[in-house]
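Me: I should like to study one protein structure through a series of questions. Please show the sequence and the model.

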Amino acid sequence: MRLLLFFVLNFGALALGSYLMGEGPMGSWYTNLNKAPWTPPGWVFGASWTLIMICLSLFMNKAVQVESLRNTILWIYAVQLVFNIAWNPLFFDLHWMGWALVEIILLVLIVGAMALIAKPHLPKATWLLTPYVVWLSIAITLNAYALQNN
């Protein structure tokens, strides 16, 4: 039941972020943006976020079972959800690429903090956060390129 709750929260956050991004990647602003040559095709974004949210749900399900970790990890997780959702409107709807870049850098630090705090308790489970950190790192480069070249 707890795992289902994290699936609902994570995929709900994705849905809310998508809703808040306006036209998003289909809008004329993004399609006309000078994007990084390493920008992946659109389907990679959906596949990546699906994997990330599955892994994050599995991680959180394990993390909240550790009583000494529960309150701290839930607090960091909640902040992470807000930051995850907020990037979409900052970048796609408001076109605030600089603020979006600062925000996504903070997000990767937040996810990194989750891993560091959980590692002593759940050394194997923290690897579930790897796809998230890798994807955010790629997204930082894409965001930075767009900011620098537009």
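Reply: Buried means under 20% relative accessible area, exposed over 50%, and partly exposed in between (1.4 Å probe, protein chains only). This is a predicted model, in which local features need pLDDT of at least 70 and side-chain atom pairs count only at pLDDT 80 or more, while totals for chains, interfaces and linings use all residues. Residues are numbered from 1 along each chain as its sequence is written, and side-chain values use heavy atoms, with hydrogens and water left out.

Me: Against which helices do the buried residues of H3 pack?

Reply: Helices are DSSP runs (H or I, at least four residues), numbered from the N terminus. The buried residues of H3 include Trp 49, Leu 56, Phe 59 and Met 60. Contact means heavy atoms within 4.5 Å. The helices packed against these buried residues of H3 are H1, H4, H5 and H6.

Me: How far apart are the end C-alpha atoms of H3?

Reply: The expected span of a helix is 1.5 Å times one less than its number of residues. With 22 residues, H3 should span 32 Å, and the model agrees, because its end C-alpha atoms are apart by 32 Å.

Me: Which helix gives the largest share of the lining of the largest pocket?

Reply: On a 1 Å grid over the protein atoms alone, a pocket is an open set of points where a 1.4 Å probe fits, with protein on both sides within 12 Å along at least five of seven lines; lining residues have an atom within 4 Å of a point. The largest pocket has a volume of about 640 Å³, the volume being the space filled by probe spheres set on the points, which are joined across faces, edges and corners. Of its 27 lining residues, those closest to the centre are Phe 45, Trp 49, Trp 87, Asn 88 and Phe 92. The largest share, 6 residues, comes from H6.

Me: Which helices each supply at least two residues of the lining of the second largest pocket?

Reply: The second largest pocket holds about 160 Å³ of space. Its lining includes Ala 115, Leu 116, Thr 130 and Val 133. At least two lining residues come from each of H5 and H6.
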